[in-house]
Amino acid sequence: MKKLTTVLIAAGLIASASACSAQQQLTTAETCDRVGVAAAGIPSNQSKTATTRVANAIRPLEPVASTEMKPVVTAILEFMDEQSKENPDEAKLAELGQAYQEAGTKYGELCRG
């Protein structure tokens, strides 16, 4: 009887721990709101420190972003990560800049209607 009780308690603890650590996917509206709050910190001067700060504010959203917004969030992060490097690859930055612009357009469509 003790073994059964121990097994049941252990199973319950494992189940509750996995439920707590499971990340819930956000809706498109929730993702839009959170990206909007983080993006509000983008300065006009585009300093490396500010870019890094905004990217770090957006980074936790990538795994939980809605299916529609995940490519937008990924494109924003990739561009900001490259831009904030000490010596960014200009060709890669141009390519990522195009994806960043497209992400901005998609963000506008999804989030501003």
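Is alanine 103 buried or exposed, and at what relative accessibility? In this predicted model, alanine 103 lies in helix H5 and, with a relative accessibility of 5%, counts as buried, because the cut-off for a buried residue is a relative accessible area under 20%. When residues up to four places away in sequence are not counted, alanine 103 touches Val72, Ala75 and Ile76. Proline 71 stands 32 residues away from alanine 103 in sequence, yet the C-alpha atoms of the two are 7.5 Å apart in space.

At the start of H5, the backbone nitrogen of alanine 91 is approached to within 3.0 Å by a side-chain oxygen of aspartate 89, and just after the helix, glycine 113 adopts a positive phi of about 70 degrees.

The buried residues of H5 are Leu93, Leu96, Gly97, Ala103 and Tyr107. Around the axis they cover an arc of only 125 degrees, and they are therefore placed on the same side of H5. Such an arrangement can be read against the geometry of the α-helix, in which there are 3.6 residues a turn, so that residues three or four places apart point the same way. The face of H5 turned away from the buried side carries exposed residues, namely Ala91, Ala94, Glu95, Gln101 and Glu109, whereas the buried residues pack against helix H2 (28-39) and helix H4 (70-83).

On the H4 side, the contact is made by Val72, Ala75, Ile76, Glu78, Phe79, Met80, Glu82 and Gln83, while H5 contributes Lys92, Leu93, Leu96, Gly97, Ala99, Tyr100, Ala103, Lys106 and Tyr107.

Serine 66 is located between helix H3 (48-58) and H4 and is buried, with a relative accessible area of 4%. Leaving aside neighbours within four places in sequence, the contacts of serine 66 are with Gln25, Leu26, Thr27, Thr28 and Thr31.

Technical notes:
Residues are numbered from 1 along each chain as its sequence is written. This is a predicted model: local features need pLDDT of at least 70, side-chain atom pairs count only at pLDDT 80 or more; totals for chains, interfaces and linings use all residues. Side-chain values use heavy atoms; hydrogens and water are left out. Buried means under 20% relative accessible area, exposed over 50%, partly exposed in between (1.4 Å probe, protein chains only). Helices (H or I, at least four residues) and strands (E, at least two) are DSSP runs, numbered from the N terminus. The arc is that of the directions from the helix axis to the C-beta atoms. Contact means heavy atoms within 4.5 Å. A polar contact is a pair of N or O atoms within 3.5 Å; within protein, one must be able to donate a hydrogen and the other to accept it, and residues adjacent in sequence count only if both atoms are side-chain atoms.
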